[in-house]
Amino acid sequence: ADNMDRATYISKHVDEVKRAVRGGIKVDGYIYWAITSNREWDCTFSPASDFGLVHIDLDNDPHLARRPFGPSANAYIEAIRDFQKV
């Protein structure tokens, strides 16, 4: 989204949810689209099309092993912790 890295994108979205809560809007939850790497129809798999929180090499890893959390997963974890303070 607008060439923004995923961690920043998540943080900005959660900031808006927190703003809504502070403004009196009842929010039951926030869901991120994809926990792990996935592939959209007719898209070549690349860093630009991988929007999962945890990267899995869909083309070269026969076991589809989970990789260590990266910046976007850590941003989501931190957002959940911060949201609990609202």
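Trainee: What covers the buried residues of H1?

Mentor: The cover includes H2; a contact here means heavy atoms within 4.5 Å. This is a predicted model, in which local features need pLDDT of at least 70, side-chain atom pairs count only at pLDDT 80 or more, and totals for chains, interfaces and linings use all residues. Residues are numbered from 1 along each chain as its sequence is written, and side-chain values use heavy atoms, with hydrogens and water left out.

Trainee: How many helices and strands does the protein have?

Mentor: There are two helices and zero strands. Both terms refer to DSSP runs numbered from the N terminus, a helix being H or I over at least four residues and a strand being E over at least two.

Trainee: Which residues of H1 are buried, and what puts them on the same side of H1?

Mentor: They are Ala 7, Ile 10, Val 14, Val 17 and Lys 18. These residues cover an arc of only 100° around the axis, and therefore lie on the same side of H1. The arc is taken from the directions between the helix axis and the C-beta atoms. In general, an α-helix has 3.6 residues a turn, so residues three or four places apart point the same way.

Trainee: Why does Lys 18 count as buried?

Mentor: Buried means under 20% relative accessible area, exposed means over 50%, and partly exposed lies in between, with a 1.4 Å probe and protein chains only. Lys 18 has a relative accessibility of 13%, so Lys 18 counts as buried.

Trainee: How many aromatic pairs does a search of the whole structure find?

Mentor: The search finds two. One joins Tyr 30 and Tyr 76, with 6.2 Å centre to centre and 45° between the planes. That pair links distant parts of the chain, 46 residues apart: Tyr 30 is in the loop between helix H1 (6–22) and helix H2 (71–83), and Tyr 76 is in helix H2.

Trainee: Why is the pair of Tyr 32 and Tyr 76 called tilted?

Mentor: The ring centres are 6.0 Å apart and the planes stand at 55°, so this pair is tilted. Rings of Phe, Tyr and Trp (its six-membered ring) pair if their centres lie within 6.5 Å; planes under 30 degrees apart are stacked, those over 60 are edge-to-face, and the rest are tilted. Tyr 30, Tyr 32 and Tyr 76 form one aromatic cluster.

Trainee: Are Tyr 30, Tyr 32 and Tyr 76 buried or partly exposed?

Mentor: Tyr 30 counts as partly exposed because its relative accessibility is 27%. Tyr 32 is buried at 10%, and Tyr 76 is buried at 14%.

Trainee: Which residues make up the largest nonpolar core?

Mentor: Its eight residues are Ile 10, Val 14, Tyr 32, Leu 53, Val 54, Ala 73, Tyr 76 and Ala 79. H2 gives the most to this core, with three residues. A nonpolar core is a set of buried Ala, Val, Leu, Ile, Met, Phe, Trp, Tyr and Cys residues joined through side-chain atoms within 4.5 Å.

Trainee: With which residues is Tyr 76 in contact, leaving aside its neighbours within four places in sequence?

Mentor: Tyr 76 is in contact with Ile 10, Tyr 30, Ile 31, Tyr 32 and Leu 53.
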